[in-house]
Amino acid sequence: MTGTEAHDSYGEKPDPEDHNAQAGPQRDTPPPENGPGGPSGPEPPHPNAPHTPGEPPRIPMPRSSVEDTGLPLPEPAPAPLFLEHRVLKSLLGAWALAACSPEETAAVEDHLGTCGACADEALRLRDAVGLLHPPESLDLDPTLRTRVLESCLDRRPPRIPVPEWATPYDAETARLDALLQDIGDAEWHAPVRLRWFEGDEQTSRRTTVAGVIAHLLTVDGLVALTLGLDDPLEASAETPTPAARTEAFWTTSHFPPTRSVRAPWREQAHNLVRTVAFAGGGSGRLPVSYGAFELPLRDSMLDRAFETWVHAGDIAEAVDYPYEPPSPRHLHAMIDLGARMLPTALAARRQAGLATPGQTRHLVPAGTPGRSLRLEIEGLGGGEWLIPLDSPGALPSPDHEVAHIALDGVEFCQLAAGHVSPEEAAAGQVGDREAIRDVLFAAASLSRM
């Protein structure tokens, strides 16, 4: 047998009809030279032969375990929850509100695919959730109410309009009432400290949220008396001052004021606005007595709006409630009232010996120009005012300007309310230092209980 014949017959099945064919290669037959492929065929490698570098191994190496790599092991898949039908049904409400855990959500949703009754109930609950609305926030734009009212009044003017000088009081009482509506019963007893200036010293009085509303009720009663309305104070005070009336109300009450004081205060505020609207613009000249001084009704309504905003801020601070300043137009009217009251406050402090005595050469008769201070109010509601220094009846004149003060509008109001001391007021100051000091302390003296 030649080499080629051996290559062609190697590994073939022998023909059973061939009696001369062998069952397989004989063990004593030497293999062909140069391997089974003949002289040119490659020789198979030996199983124990060493591995040649650069060539892939014939047997793959075992893979390394993830524990040997130092990498974090994957989290095992959580086992699905198997809950009873009654438990799954009780979770439908929480599922509709998206308040279930991921495992509970998966269990409920799997159950909804097999239980028609629960699927219908879940659909009804999901539709009901869409009808729920979160409580509306009261932290709105301070000008929103004014803009809405102006838009409505432009379309259909009211038959009996509210005078322009009464709208700040109407707006501030409405804003305070919204704050009171948003607090709980316990917060009506939160401590509040009323602050104001007496002389050159800051003083205070401790009360509660309900006590502050009682204070506003009794002082607003001074305006109610002027308009012929009922006095909320049952027992008469020794003097008709705001502080005396408030102390009389607190003293004669059998129990400390509670949230029940809100209703009479809000009703009185509505009656005041309604009455001045029916009385017309001419009623603004009616004098309102505060005991030690008088204000015309139009200025008194601005004064009540200012105090309502200030004490609303005191309440908001006590109950940790956000509260914004009045609208720029109303804030400007309040600042204007304070600027117009400064000459009288300066004269009162000079008579009491609390202000720098005026020099003879500076005193001027009423109606003639005299020394003046320029009050510049920056920010929303700001403007400029010339304040006569030597006499309430003197004419302010830019030619006789001796000092200039610049203040933020809200800070000026806090100074006039006695919440910021004259020394702490961040004022830009130029000119006569004594005149500047007198005006700042006169602004603080406008405050009262």
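**Entry 1, pocket lining.** I looked up which elements line the second largest pocket and found that E1, helix H9 (242-252), strand E4 (294-296) and helix H12 (328-351) each supply at least two residues. H12 gives the largest share of that lining, 5 residues. I note here that the model is a predicted one.

I read off a volume of about 700 Å³ for the second largest pocket. The pocket is lined by 24 residues, and the closest to its centre are Ala 292, Phe 293, Ser 445, Leu 446 and Ser 447. I then sorted the lining by class and got 15 nonpolar, 5 polar and 4 charged residues.

E1 covers residues 191-198 and pairs with E2, residues 201-208, in the antiparallel sense over 8 bridges. In this pair I found Phe 197 opposite Gln 202 of E2. The hairpin of E1 and E2 has 2 residues between the strands, and Gly 199 takes a positive phi near 70° there.

How many helices and strands does the protein have? I counted 14 helices and 8 strands. Of its 449 residues, 37% are buried. I also looked up contacts with a separation of 6 or more, and 69% of them are between residues 24 or more positions apart. The accessible surface comes to about 27,000 Å², and carbon and sulfur atoms hold 55% of it.

Methods
Residues numbered from 1 in each chain as written. Predicted model: local features only at pLDDT ≥ 70, side-chain atom pairs only at ≥ 80, totals over all residues. Heavy atoms only, no water. Pairing = 2+ DSSP bridges. Helix = DSSP H or I, 4+ residues; strand = E, 2+ residues; numbered from the N terminus. Buried < 20%, exposed > 50% of the residue type's maximum accessible area, 1.4 Å probe, protein only. Contact = heavy atoms within 4.5 Å. Areas by Shrake-Rupley, 256 points an atom, 1.4 Å probe, with all protein chains shown as cover. 1 Å grid on protein atoms, 1.4 Å probe; cavity = no way out; pocket = protein on both sides within 12 Å on 5 of 7 lines; lining within 4 Å. Points joined across faces, edges and corners; volume = space filled by probe spheres on them. Nonpolar A, V, L, I, M, F, W, Y, C, P; charged D, E, K, R; others polar.
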